[in-house]
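Student: I have a chain open on my screen and want to learn how to read its features. Can we go through them one at a time?

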Amino acid sequence: QLQASGGGLVQAGASLRLSCTASGFTFSNYHMGWFRQAPGKDREVLIGISKSDSPTYYTDSAKGRFTIARDNAKNTVYLQMNSLKPEDTAVYYCAASWLGGPRSYLYDYWGQGTQVTVSS
């Protein structure tokens, strides 16, 4: 399973770091991804990181402001979000995929989501 944490209420321009800790499977064998879902919108893939620690940005909204990192010793993936905007308000999900990629159906394990709210 995956346990996400680190969300909260922040003002525009602030930073947050989300964490997602895995258990029950071999974390280092999986690609990891971060998704988000804003109210009334479809889930959006943001960014992923491969088993070999190579990041991939899946959306322009993440480029330049979000970074992803993994620590296999801690079974944890991180999402560092800087210069947050009100439009970043969403529930953020981490997910694990054997194959990797931007499609939700490729992901085998999902975290429960953590709420990020950015006020203007």
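**Reading the bridge, sheet, core and rings**

Tutor: Start with two cysteines: C20 and C94 are both buried. Buried means under 20% relative accessible area, exposed means over 50%, and partly exposed is in between (1.4 Å probe, protein chains only). This is a predicted model: local features need pLDDT of at least 70, side-chain atom pairs count only at pLDDT 80 or more, and totals for chains, interfaces and linings use all residues. Residues are numbered from 1 along each chain as its sequence is written, and side-chain values use heavy atoms, with hydrogens and water left out.

Student: What joins C20 to C94?

Tutor: A disulfide is a covalent bond between the sulfur atoms of two cysteines. The cut-off here is a pair of cysteine sulfur atoms within 2.5 Å. By this rule the count is 1 disulfide. That disulfide joins C20 to C94, with S to S at 2.0 Å. C20 lies in strand β3 and C94 in strand β9, so the pair ties together parts that are 74 residues apart in sequence. Strands (E, at least two residues) and helices (H or I, at least four) are DSSP runs, numbered from the N terminus.

Student: Which hand does the disulfide of C20 and C94 have?

Tutor: The torsion about the S-S bond is about 65°, so this disulfide is right-handed.

Student: In what order do the strands of the open sheet lie?

Tutor: Look for pairing: two strands pair if DSSP finds at least two bridges between them. Here 4 strands form an open sheet, in the order β1-β3-β8-β7, with antiparallel pairing. β1 and β7 are the edge strands, and each pairs on one side only. Neighbouring strands are turned by 15° against each other on average, direction ignored. For such angles, axes are lines fitted to C-alpha atoms, for helices over the stretch in contact, and angles run from 0 to 180 degrees between N-to-C directions.

Student: Which side chains of β7 are buried?

Tutor: In a regular strand the side chains alternate between the two faces of the sheet. In β7, F66, I68 and R70 point to one face and are buried. β8 is mostly covered, with 5 of its 6 residues buried.

Student: How many residues does the largest nonpolar core have?

Tutor: In soluble globular proteins, nonpolar side chains tend to be buried together. A nonpolar core is a set of buried Ala, Val, Leu, Ile, Met, Phe, Trp, Tyr and Cys residues joined through side-chain atoms within 4.5 Å. The largest one has 29 residues, and W34, L79, M81 and Y92 have the most contacts inside it. Elements that give two or more residues to this core include β3, β7, β8 and β9. Apart from it lies another core of 6 residues, among them F35, Y93, L106 and Y107.

Student: How many aromatic pairs are there?

Tutor: Rings of Phe, Tyr and Trp (its six-membered ring) pair if their centres lie within 6.5 Å; planes under 30 degrees apart are stacked, over 60 edge-to-face, the rest tilted. The whole structure has 7 aromatic pairs. F35 and Y107 have ring centres 5.1 Å apart and planes at 85°, so that pair is edge-to-face. F35 is buried at 1% relative accessible area, and Y107 is buried at 7%. Y107 also forms a tilted pair with W110, at 6.0 Å centre to centre and 55° between the planes. W110 is partly exposed, at 26% relative accessibility.

Student: Which charged residue sits over the ring of W98?

Tutor: The rule is that NZ of Lys or CZ of Arg lies within 6 Å of the ring centre and within 35 degrees of the ring normal. The charged end of K51 sits over the W98 ring, 5.0 Å from its centre. R70 lies over the face of F27, at 4.5 Å from the ring centre.
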